[in-house]
Amino acid sequence: MQTNFNESQTRINLMRAFAGECQARQRYYMSALKAHQQKLPVLERMFKFTAGQEEQHAVVFFNLLKESAGQSIDINAGYPADVFNEIQQLLDAAAKDEEHESGNIYPEFAQTAHQEGFTDIAQKFEMIGRIENSHRERFAYYGQLVRDGMLFRSESAEEVWICLNCGHIHIGSEPPKNCPVCNVAQGYFIREKEAPFTK
């Protein structure tokens with residue numbers, strides 16, 4: 001038997017998830033600004049890409065609150081204050097936050113939604129939880145590259161790099177300090193296998 005939505009814990013969890021996704025979107029957007037300031041466009045774009053996905057998750061959760069339109073939903077939740085200047089700290093904090101969200105929060109919210117009879121909502125929590133885990137992997141991967149000094153270095157002399165500004169392709173253990181085509185700094189280069197829309 002399904003619980004009345006406006007008396008459910010699922011309703012509160014949806015509002016918590018909406019608030020959390022909005023905050024994650026803004027945190028990642030501000031992290032993108034830090035990356036821009038530090039002349040790391042590749043990380044700036046990665047943060048913005050992830051921020052866009054968080055925004056869409058917020059839209060999904062917000063639309064699931066339709067039955068409560070016009071009401072106020074009180075929530076009590078903790079959210080991270082990841083106010084850091086160093087890219088390494090921002091990447092590590094983001095990976096940790098996503099791990100908590102995908103490993104604890106959304107599975108718990110999904111279980112509650114199932115118990116209350118909201119199968120469709122439970123499935124949204126489960127699916128978005130899996131996406132959040134991919135965010136965790138993304139942040140952890142780039143965090144490790146930065147930590148190891150390998151963001152713009154490879155152990156392979158055959159690594160393929162692509163300039164995110166003009167599309168120039170370079171093969172070598174490091175991308176050039178400046179793109180020979182459009183002259184942007186090395187920070188615009190990404191491994192081709194990590195670039196969007198490549199073969």
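Contact is defined here as heavy atoms within 4.5 Å. The structure is a predicted model, in which local features need pLDDT of at least 70 and side-chain atom pairs count only at pLDDT 80 or more, while totals for chains, interfaces and linings use all residues. Residues are numbered from 1 along each chain as its sequence is written, and side-chain values use heavy atoms, with hydrogens and water left out.

Helices (DSSP runs of H or I, at least four residues) are numbered from the N terminus. Helix H1 covers residues 9-37, 29 residues in total. Its expected span (1.5 Å times one less than its number of residues) is 42 Å, and the C-alpha atoms at its ends lie 42 Å apart, so the two values agree. At the start of H1, the backbone nitrogen of Arg11 has a side-chain oxygen of Ser8 within 3.0 Å. Just after H1, Lys39 adopts a positive phi of about 60°.

Arg27 belongs to helix H1. Its relative accessibility is 13%, so Arg27 counts as buried (under 20% relative accessible area; exposed is over 50%, partly exposed in between, with a 1.4 Å probe and protein chains only). When neighbours within four places in sequence are set aside, Arg27 contacts Pro80, Asp82 and Asp97.

A disulfide is a covalent bond between the sulfur atoms of two cysteines. With a disulfide taken as a pair of cysteine sulfur atoms within 2.5 Å, the count is zero. For Cys166, the closest cysteine sulfur is that of Cys179, at 3.6 Å, which is too far for a bond. Cys166 is partly exposed, at 36% relative accessible area; Cys22 is also partly exposed, at 33%.

Conventions: Helices (H or I, at least four residues) and strands (E, at least two) are DSSP runs, numbered from the N terminus. A polar contact is a pair of N or O atoms within 3.5 Å; within protein, one must be able to donate a hydrogen and the other to accept it, and residues adjacent in sequence count only if both atoms are side-chain atoms.
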